[in-house]
Amino acid sequence: MKVVVDMNKCQDHGQCVFAAPDVFQMDDNGRLAFVPDPDDTLREEVEEAADVCPLQAIRIED
Amino acid sequence: MTGRIVIAGASMGGLRAAEQLRAAGWAGAITVVGDEPHMPYNRPPLSKEVLAGKAPFESLAFAPKAAAADVEWRLGTKVVAARLDERTVELDDGTALAYDGLVVATGMRPRRLRCEGPLAGRHTVRTLADAQGLREELTRPGARVVVVGGGFIGCEVAATAVGLGVTEVTVVDPLPLPMVGPLGELLARALLKRHEERGVHFALGTGVAGFEGEDRVTGVVLGDGTVLPADVVVESVGSIANTEWLDGNGLDLTDGVLTDELLRVGGLPEVVAVGDVARFPNARYDGVPRRVEHWSIPTDTAKHAAKALVAHLVGGKAELAPFAPLPTFWSDQHEFRLQSFGSPVLGKDDVRVLDGDPDDDVLVGYHHDGRLVGVVALGGQAAAMGAARYRAQLLKQPALTA
Ligand SMILES: Cc1cc2nc3c(=O)[nH]c(=O)nc-3n(C[C@H](O)[C@H](O)[C@H](O)COP(=O)(O)OP(=O)(O)OC[C@H]3O[C@@H](n4cnc5c(N)ncnc54)[C@H](O)[C@@H]3O)c2cc1C
């Protein structure tokens, strides 16, 4: 699974971090960091993260 | 599995419902009926980035999930009536649609002021067309803007207008502070100060008595007789649930559609409600049914409602815990953000500063019977992250009734 985040859209709400903590994290400056090629077992979590992003900046590419 | 589920309302709640029905295993037909001409789009930027000209309208559309690719979208079509006993809805193009399952997702529309005076120059912000029209008028040189209502959307529009360089922006509200309803006094005061420092004017403790002008608005008459000159008026005085199409079915439609703890409507297992229009009990708190107009709710309700509906339609029993979402909202105003978790409104009588100070980044806790029920941060990214640290604690709290 490939995860793409539109960093021009991202406003660091951090909702994705609650939904998929194994894939999305906030660094010490409050900016988003993420794993671009997480294991497929995490798909449901990542879908949830994409759903809850207020900017709809997260996309999953198979 | 055959049959059809009809979803009334094609915004975020309608889209999430369609996706979650597929996720819950529904393989039958899904028809979404929506009266707007657009596919579902994201509303929060309408009072912020879209109004500021920072997000093109095309960037707002949700990308529907692949699993929902075969959903039928009937856009530009209104549901005008429902016969729940016969399991049909009627559309404004004269067709009747039979359903096995029905999802109510018709959301809200802005309440309007019922005052004498011209209509031209008066705006609300709920749809793409609204935001487009308002942006055009705000960006006219020398526009004088009066925002009626110091809630969420009113405060956001005022901040955006100032950011666009509008020099005369006044927020009118009968209450003594902006956003005092959802936030309580401490934060409302801090918010007022920030807005004033950035050039927003306020006329508080007084309502609107009428509008002046011949063909279009030239002024807003306040309850105390003062007249505020205005070229553009934004009415953000609350919203009304779109439920008229459900009239005549014996449902409780006072303030949205009343649901049970599985989002089912009127005791009918084949009818559920999602999003802003649903008035549901939250098992996390006191079980009192409430509507919650936050962006997180369409997704939360759709997930729960879809599971309950599909379990019923495929003949199973919904082994579902009562719905108990943790509400969350944000609001971006000027360069700062309000970030909330939990239900601050239930703890407004016992508000404590948890971190920071109201003139700077601040994190505030709301308590009920000494128990933390909500946190709200106001400030920059550090404040929002501070609030996030309390999220786990709020999730672990026992129900208020426990
Ligand atoms: C300007 C604005 C800014 C916001 N900002 C924030 C924010 O910063 N943070 C936050 O947490 N939340 C925010 N929200 C709230 C959030 O956008 C809503 O909670 C969310 O849009 C609710 O989605 P919904 O699908 O339930 O309802 P709606 O979005 O209201 O959708 C209902 C749809 O049904 C259609 N409809 C109505 N009646 C019928 C009918 N009879 N037949 C067919 N279709 C019908 C409507 O036209 C509409 O398309 C904001 C809302 C607005 C309007």
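## Exercises on a predicted two-chain model

The 40 positive and 51 negative charges of chain B have mean positions 5 Å apart; Lys and Arg count as positive and Asp and Glu as negative, with His and the chain ends not counted, and each charge is placed at NZ of Lys, CZ of Arg, CG of Asp or CD of Glu. This is a predicted model, in which local features need pLDDT of at least 70, side-chain atom pairs count only at pLDDT 80 or more, and totals for chains, interfaces and linings use all residues. Residues are numbered from 1 along each chain as its sequence is written, chains are lettered from A and ligands numbered from 1 in the order in which they are written, and side-chain values use heavy atoms, without hydrogens and water.

**Exercise 1.** Explain why the radius of gyration of chain A agrees with that of a compact globule.

*Solution.* Step 1: apply the globule rule, 2.2 Å times the number of residues to the power 0.38, with the radius taken over C-alpha atoms. Step 2: for 62 residues a compact globule would have a radius near 11 Å, and the 10 Å of chain A agrees.

**Exercise 2.** Describe the burial and contacts of chain B.

*Solution.* Step 1: 53% of the 402 residues count as buried, that is, under 20% relative accessible area with a 1.4 Å probe, protein chains only. Step 2: take contacts as heavy atoms within 4.5 Å. Among the contacts of chain B with a separation of 6 or more, 63% join residues 24 or more positions apart. Step 3: chain B has 9 helices and 27 strands. Its radius of gyration is 22 Å against 21 Å from the globule rule, so chain B is as compact as a globular protein of that length.

**Exercise 3.** State what UniProt lists for residues 4-289 of chain B, and describe this segment.

*Solution.* Step 1: an unreviewed UniProt entry lists "domain: FAD/NAD(P)-binding" there; such annotations may be inferred rather than shown by experiment. Step 2: the segment is 20% helix and 29% strand, with its end C-alpha atoms 29 Å apart.

Conventions
Helix = DSSP H or I, 4+ residues; strand = E, 2+ residues; numbered from the N terminus. Buried < 20%, exposed > 50% of the residue type's maximum accessible area, 1.4 Å probe, protein only.
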